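Reader: Hi, could you walk me through this structure? I'm new to this, so please go slowly.

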2 protein chains.
Amino acid sequence: MKRYTTTWLNDTLVNLFMEAGASQEVSEVTSNILIEGDLLGHHTHGVKLANGYFQDLKSGHAKGDHKLLTSKIISPVAELFDGNFILGPYLVQKALENSASSARKHGIGIVTIKRSHHIACLAAYLQSYVDQNLVPIIMTSDPAVKSVAPFGGITPVYTPNPIAMGIPSREQPIIMDVSMSTVTNGSVAKANLQNEMLSHPVILTNTGKTSVNPADFFSDPQGSILPLGGVEFGHKGFAMGLMVEALTSALGGFGRKDEPTGWGASVTVLVIDPSLFSGTESFLNETDTLVKACLESRSINPQSPVRMPGQSGLKCRRNYLEEGVLLPRDVVDELKKAIDNSSLKGCMDG
Amino acid sequence: MKRYTTTWLNDTLVNLFMEAGASQEVSEVTSNILIEGDLLGHHTHGVKLANGYFQDLKSGHAKGDHKLLTSKIISPVAELFDGNFILGPYLVQKALENSASSARKHGIGIVTIKRSHHIACLAAYLQSYVDQNLVPIIMTSDPAVKSVAPFGGITPVYTPNPIAMGIPSREQPIIMDVSMSTVTNGSVAKANLQNEMLSHPVILTNTGKTSVNPADFFSDPQGSILPLGGVEFGHKGFAMGLMVEALTSALGGFGRKDEPTGWGASVTVLVIDPSLFSGTESFLNETDTLVKACLESRSINPQSPVRMPGQSGLKCRRNYLEEGVLLPRDVVDELKKAIDNSSLKGCMDG
């Protein structure tokens, strides 16, 4: 494991994306969001993705020209983006900016994005809005992938469908980013690649048995991932997964009915400005009370005090910003692949 | 078990609430929502609540005069209600109406309600909006109650915090209503009263052990209910529970910091109009594709095909509307208590 400065990582990624044809604007936002993912410790959804983005830009499946984004303005608070498969971080960041601007004037803003390319780590987008005492929400589904089965079913139909949200609090800001399935596609793929069993029986085999073996997901016919709540309470995760499908693909008008292939995402972004509701002070007083009570809840394991969602990520971020970002071997290998296919070849050697 | 017509139930409830001082408007909406709860089969959150509402109206904790509602209009799409503890169904219905009206013009509408009285069954509000091809969302927390512990903690801090949403679909409309905890306060209380064990170990004792015994929740110090996801994935249910706390109590400005007592709720209602986004046809084509794929997913148990959220409730509703509402013994007993304390005394005898 080696540490990398965010400056070096950023220069490298921006150069890579621009070499593959992306505009400076798209390259910079995408680079920043990927690095933010690693800063928060989400190494499966950070710089590791750069090579895939680089390849998709070169093949033409991902677009890098921000001028390809078209928008239907529905009202002063609502917009529908056709992302035309521009790299997702650019689209999501733009959607958040527009929603935040609506929220500051009208209390709330919503932007739905159809035909986005992959959007990386949802948590990576939140902090700058939380720092402004706004409440950002992001949800996403991938209509090209079927990995989660409906509760009681075997055939996979939809995706883990994460919901991410930032909650301002003076005590400890909350950065949540959770999928509505037990585990993510990424963690199943990673365990399978490393020949490791999963910690919990969250795979449903193609005959309807639970399993810890990720290979049971990659069987033919395919297995599936259990919805959040598992075999007992999976009807709840199933319902929440449907909620995300409806608010993303259905609202945007591009989804499973269109049978897309390749990396992509349907996304909906909401921003709420508490200052226009009961006021920022009142909002923060309430979240402070809540966070304090959670942190003071007696812990089951005295060695592991209760932590708020995002707390360890934000701690990791502070450390990485001071000491450099510690990238795992698989991330470095993947980044090196992109570099070796570019004019930067050799810059990671030695 | 005996069947009751919705007409008889409605007349009885409206009379009870009006006798206890509620206006006709509040009485009618509340009666309708309670009966809708039973129609959908949610007997713990239907007519059974009428006696409690009746008592709270008489004691003055619940208000029945709709003119006590005050509203701060934030923008053409956002409003903050101070419910002044008017019976919740009136407030939620009003919030949905206003949000729907905003959504039809601007794509989305949001109303946050602080200081509501109890709001009954969330699913009961959804169908009429779904029938108009709108997407209604309701979430709620109860700042007077602490029953769910943060993930990893023992001391309970917050409530099950349900999220309900209606999703229009020609194939099968979706009516979802799920708490962000494994089980609800109501089901734990009911099992405890009937000296029954819970089906799953979802109680955390006051020493941090899981248990199926509801008595372990009512111990001193109190036990708690595990967040959705349980001991393995409860960090996800915890995060979602915090999301609901922030979007209800914190946004409304009245919550745990105010240490309220008695029946109450913080509520946020959102309505989205898909016709202004990608269009109703496109939305329904996508939800139809999704619903069809779910219903066609091969089922684990061949005797139990996959059902969509709300599907059995809507079937139950059709049956009850034709044959009369079948009320369980405990519901009838509770209704009789209210009747026997009113001028309607005797009307349920024989």
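Predicted model: local features only at pLDDT ≥ 70, side-chain atom pairs only at ≥ 80, totals over all residues.

Reader: How many residues line the largest cavity, and which lie nearest its centre?

Author: The lining has 16 residues, and those nearest the centre are Ile137(A), Met139(A) and Leu270(A) from one chain, with Met139(B) and Leu270(B) from the other. The space inside is about 140 Å³, and by class the lining holds 15 nonpolar residues and 1 polar residue, with no charged residues.

Reader: What classes of residue line the second largest cavity?

Author: Its lining divides into 7 nonpolar, 5 polar and 2 charged residues, and both β4 and β11 of chain A supply at least two residues to this lining.

Reader: Changing topic: how many residues of chain A are in contact with chain B?

Author: There are 82 residues of chain A in contact with 82 residues of chain B. The area buried between the two chains is about 6800 Å², and carbon and sulfur atoms give 76% of that area. On the side of chain A, Lys236(A), Phe277(A) and Glu286(A) supply 11% of the area that this chain buries against chain B, more than any other three residues.

Reader: How many salt bridges does the rule find across the interface of chain A and chain B?

Author: The rule finds 0 salt bridges there, whereas it does find 34 residue pairs in polar contact across the interface. Helix α7(A) gives the largest share of the side of chain A that touches chain B, with 15 residues, and that side as a whole divides into 47 nonpolar, 25 polar and 10 charged residues.

Reader: One last topic, the backbone: where is there a cis peptide bond in chain A?

Author: A cis bond joins Asp220(A) to Pro221(A), with omega at about -5°, and Pro221(A) belongs to the loop between β9 (210-211) and β10 (224-225) of that chain. In chain B, the bond from Asp220(B) to Pro221(B) is cis as well, with omega near 0°, and Pro221(B) is placed in the loop between β9 (210-211) and β10 (224-225) of chain B.

Reader: What about Arg115(A), what is its phi?

Author: Arg115(A) has a positive phi of about 55° even though it is not a glycine, and this residue lies in strand β4 of chain A. For background, most residues other than glycine have a negative phi, and most peptide bonds are trans.

Notes. Residues numbered from 1 in each chain as written. Chains lettered and ligands numbered in written order. Heavy atoms only, no water. 1 Å grid on protein atoms, 1.4 Å probe; cavity = no way out; pocket = protein on both sides within 12 Å on 5 of 7 lines; lining within 4 Å. Points joined across faces, edges and corners; volume = space filled by probe spheres on them. Nonpolar A, V, L, I, M, F, W, Y, C, P; charged D, E, K, R; others polar. Helix = DSSP H or I, 4+ residues; strand = E, 2+ residues; numbered from the N terminus. Contact = heavy atoms within 4.5 Å. Buried area = accessible area lost by both parts, 1.4 Å probe. Salt bridge = Lys/Arg side-chain N within 4 Å of Asp/Glu carboxyl O. Polar contact = N/O pair within 3.5 Å; in protein donor to acceptor, adjacent residues only side chain to side chain.
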